[in-house]
Amino acid sequence: MRLGIVGYPLGHSLSPVMFRAALSHCGLDITYDPWETPPEGLGGFVEWARRPDSGVAGFNVTVPHKEAVAAAVDEASQEAERAGAVNTVVVRDGRLHGHNTDGIGFVLALKEEANFTFDGRRVLILGAGGAARGVVMALAAENPESVVIANRTPERAQRLAQDLRRRWRGVVDTASLGGEGLGRAAEKSDLIVQCSTVGMSHGPDPAGSLLRSEDIPGEALVYDLVYNPPETPLMKEARKAGARVLGGLSMLVYQGAEGFEAWTGEKAPVKVMFRAASDALDRARR
Ligand SMILES: NC(=O)c1ccc[n+]([C@@H]2O[C@H](COP(=O)([O-])OP(=O)(O)OC[C@H]3O[C@@H](n4cnc5c(N)ncnc54)[C@H](OP(=O)(O)O)[C@@H]3O)[C@@H](O)[C@H]2O)c1
């Protein structure tokens with residue numbers, strides 16, 4: 001039996017290290033592999049994963065495939081349906097069951113690691129890809145006051161804002177990246193969530209930050225979904241502004257724990273997963 005992760009690129013991913021540690025801790029004879037697959041190869045990958053002789057029992061989905069896999073699965077959980085994005089697939093009898101554990105992973109990370117309450121908060125989301133979709137739908141259920149979505153491609157932000165408005169009655173707006181509107185939205189935010197690949201090692205712009213310190217309120221919490229590197233350029237800007245800062249490692253572990261339980265039926269060894277992922281990050285830094 002085998003598990004793995006599909007994405008492109010995968011150089012940043014700590015999922016193999018984290019899940020191998022969890023599988024070994026639980027004494028499960030299951031492998032976990034990185035399956036680096038460019039967009040043009042995704043159809044072939046999905047067909048292979050369905051085949052009984054592939055031995056695939058499930059897989060994680062990362063950049064840039066979450067929305068494409070949502071369209072390819074045979075069934076989707078309520079969370080995946082709502083988000084229009086899948087990060088975890090369970091394969092059973094040649095059928096693909098899509099889940100979205102990013103949302104719950106994000107909410108748990110903020111509650112457990114930052115003691116954050118969403119109720120009545122103003123939230124700015126940077127990015128509108130697959131990860132942003134899971135995050136936005138889950139945080140809306142936590143009753144914030146408003147959500148502003150800013151993305152490089154404005155149509156994608158507008159599409160996500162429309163999907164959110166269909167499911168939630170709070171205030172939803174969009175802002176353009178680099179425009180004055182973004183600075184104004186950031187200034188008024190209690191929580192800024194960075195969901196783009198900017199700042200990610202092996203990504204398109206590892207040295208980039210979508211906000212400067214002048215735009216970030218000192219009272220805000222800045223959560224960067226990027227976990228590799230552990231301190232992104234945006235997190236440095238946020239620290240300069242005096243804001244509270246948290247990187248994406250905690251979300252990686254909590255979303256992974258949900259997936260582990262869906263695949264194996266076993267309780268996820270969260271501490272083991274945290275330790276394996278953060279040790280790997282430390283090694284990469286040295
Ligand atoms: N910590 C965790 O557990 C966790 C979970 C999920 C994801 N993540 C991280 O979240 C990030 C996004 O993942 P995803 O699955 O949403 O990827 P995705 O679907 O490919 O979306 C990528 C997003 O990044 C934006 N982007 C890419 N290059 C950009 C640039 N040069 N300037 C400005 N914006 C740019 C895209 O904007 P356009 O729409 O304009 O292309 C889009 O909003 C990744 O770094 C991933 O590792 C972390």
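In this predicted model, helix α1 (residues 15–25) and α10 approach each other, their axes coming within 11 Å and crossing at roughly 50°. The two helices α1 and α10 are therefore oblique to each other, and their crossing is right-handed.

**Helix packing**

- Two packed helices are described by the angle between their axes and the distance between the axes.
- For α5 and α6, the axes lie 7 Å apart and the packing angle is about 60°.
- The crossing in which α5 passes α6 is right-handed.
- Helix α11 (residues 270–285) packs with α10 at an angle of about 140°, and the two axes are 10 Å apart.
- That angle makes α10 oblique to α11, because only angles over 145 degrees count as roughly antiparallel.
- The crossing of α10 past α11 is right-handed.

**The largest pocket**

- Rolling a probe the size of a water molecule over the atoms shows where empty space is left.
- The largest pocket holds about 950 Å³ of space.
- Its lining consists of 43 residues, and those nearest the centre of the pocket are Val63, Ala131, Cys195, Ser196 and Thr197.
- Two or more lining residues come from each of β3 (56–61), α3 (66–72), α6 (130–140) and α10 (249–264).
- By class, the lining of the largest pocket comprises 20 nonpolar, 17 polar and six charged residues.
- Both domain 1 (2–100 + 250–285) and domain 2 (103–247) contribute to the lining of the largest pocket, with at least three residues from each.

**The second largest pocket**

- The volume of the second largest pocket is about 250 Å³.
- Of the 17 residues that line the second largest pocket, Glu79, Arg82, Met137, Ala138 and Ala141 lie nearest its centre.
- At least two residues of this lining are supplied by each of α4 (78–83), α5 (102–114), α6 and α7 (154–167).
- Helix α6 provides the largest share of the lining, five residues.
- The lining of the second largest pocket is made up of nine nonpolar, three polar and five charged residues.
- The second largest pocket lies between domain 1 (2–100 + 250–285) and domain 2 (103–247), because both domains give residues to its lining.

**The cavity**

- One cavity of 30 Å³ or more is found when the whole structure is searched.
- The space in the largest cavity is about 30 Å³.
- The residues that line the largest cavity are Gln194, Val198, Gly199, Gly208, Ser209, Leu210, Asp224, Thr232, Pro233 and Leu234.
- Four nonpolar, five polar and one charged residues form the lining of the largest cavity.

**Backbone details**

- Most residues other than glycine have a negative phi, and most peptide bonds are trans.
- The peptide bond from Tyr8 to Pro9 is cis, and its omega is near 0°.
- Pro9 belongs to the loop between β1 (2–7) and α1, the helix whose axis crosses that of α10 at roughly 50°.
- A cis peptide bond also runs from Asn228 to Pro229, with omega near 15°.
- Pro229 is placed in the loop between β11 (221–224) and α9 (233–240).
- Asp93 is a residue other than glycine with a positive phi, near 50°.
- The loop that contains Asp93 lies between β5 (88–92) and β6 (95–99).

Terms used: Residues are numbered from 1 along each chain as its sequence is written. This is a predicted model: local features need pLDDT of at least 70, side-chain atom pairs count only at pLDDT 80 or more; totals for chains, interfaces and linings use all residues. Side-chain values use heavy atoms; hydrogens and water are left out. On a 1 Å grid over the protein atoms alone, a cavity is a set of points where a 1.4 Å probe fits but cannot get out, and a pocket is an open set with protein on both sides within 12 Å along at least five of seven lines; lining residues have an atom within 4 Å of a point. Grid points are joined across faces, edges and corners, and a volume is the space filled by probe spheres set on the points. Helices (H or I, at least four residues) and strands (E, at least two) are DSSP runs, numbered from the N terminus. Ala, Val, Leu, Ile, Met, Phe, Trp, Tyr, Cys and Pro count as nonpolar, Asp, Glu, Lys and Arg as charged, and the others, Gly among them, as polar. Domain bounds come from an automatic or database domain assignment. Axes are lines fitted to C-alpha atoms, for helices over the stretch in contact, and angles run from 0 to 180 degrees between N-to-C directions. Angles under 35 degrees count as roughly parallel, over 145 as roughly antiparallel, 65 to 115 as roughly perpendicular and the rest as oblique. A crossing is left-handed if the near helix is turned anticlockwise from the far one by less than a right angle, and right-handed if clockwise.
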